[in-house]
Amino acid sequence: TYACYFDTPNNKTLFGQDTTEEMCVAILWYYPAAKDEFLPQYCGPNFVIPQCKTNYTPSMVDENAERVFGTHDGFCDHVGNEPIIECFPGTALVQVEKRGPIQLADVQLGDKVLVGHGVFEPIFSFGHYDPTSTGKFVVLKTVNNAELHLSSQHMVITNKKGAIPASLIEIGDELIDSKGKSDAVIAISSAVRRGRFAPFTSSGKLIVNGITVSNYVSLQDSAFFTVGSVATPFTHQWLAHTFMSPFRFYCSYISRCTIGQYNKEGLSTWVASPFYAFSWMLRQHYVLLGICSVLILVFILLL
């Protein structure tokens, strides 16, 4: 007998290569615990959180479990408890003032990079700095021969939809080039590249491979922060940029922040804890998510 903890969103049982979300499966049978109708993701010692129920209902995997499998190229689309942030590969190009096009793998803190038509800003931090690991990236090709590699969660500045994650980009969507002009997407594919980099600038954007992109990722497949099925008026771009304002102020006016500190995954120590906390929050029941969201929004608005 195996003790299994069943905690996946939308009642989906996740399978695939290298996934941490698999629950126990014994040949053809699995046994998810009966869930409380008000707090379906939790059970506890009957103090605030309802007591765990002891009755189990066996179900055939093939008939009753929705399953998400890995892709043919050996990489799984990550749907899990801790989203993997790829950002940009080390080969991505940025325009560094007085130096020209430089790969992100060779860019340093303090380098001034192009963020708009003729405007350069210093990189005050990297949200993610991991030059050695490899990752899977979305590849966007445009009418004017730009080719942008970025993670599916990373946001791109579009002409009509605002800042949206790359996963939502469609053929025909208009991106914005380094001169502020529209450049339509004509092809979307994927590629594996080395390095994971997420440079931060004061404006919250920069030019990568000739295309205007955000500094930030969206942990939801939407431009606006959503609670349950309700979209709030707050964009992920605004939330992330506002949250970063204390760190941005510190690095701009108090310290030059010339040395970055990162955890073993390459995430900035400033970013890591809030990122993991927000990822956890998004997996919770919409009631708890709503309460946490209000508290976070109040905190952000007070910054």
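Helices (H or I, at least four residues) and strands (E, at least two) were taken as DSSP runs and numbered from the N terminus. On this basis the chain comprises 5 helices and 18 strands. The structure is a predicted model, in which local features require pLDDT of at least 70 and side-chain atom pairs count only at pLDDT 80 or more, whereas totals for chains, interfaces and linings use all residues. Residues are numbered from 1 along each chain as its sequence is written, and side-chain values rest on heavy atoms, with hydrogens and water left out.

Of the 303 residues of the chain, 41% count as buried (under 20% relative accessible area, with exposed meaning over 50% and partly exposed in between; 1.4 Å probe, protein chains only). Where contacts (heavy atoms within 4.5 Å) join residues at least 6 apart in sequence, 62% of them link residues at least 24 apart.

Two or more lining residues come from each of strands S9 (125-142), S14 (182-200) and S16 (211-217) and helices H2 (236-243), H4 (269-282) and H5 (286-302), with H4 giving the most, at 6 residues.

Helix H2 is mostly covered, since 6 of its 8 residues are buried, namely His236, Gln237, Leu239, Ala240, His241 and Thr242. In helix H3 (residues 245-254), the buried residues are Phe247, Arg248 and Cys251. Seen down the axis of H3, these buried residues fall within an arc of 100°, so they line one face of the helix; the arc is that of the directions from the helix axis to the C-beta atoms. The face of H3 turned away from this buried side carries the exposed residues Tyr253 and Ile254, while the buried residues of H3 pack against S9, S16, H2 and H4.

Within strand S9 lies aspartate 130, which counts as buried because its relative accessibility is 12%. Leaving aside neighbours within four places in sequence, aspartate 130 is in contact with Gly195, Arg196, Phe197, Glu265 and Gly266. The C-alpha atoms of aspartate 130 and leucine 267 are separated by 8.0 Å, although the two residues are 137 residues apart along the chain.
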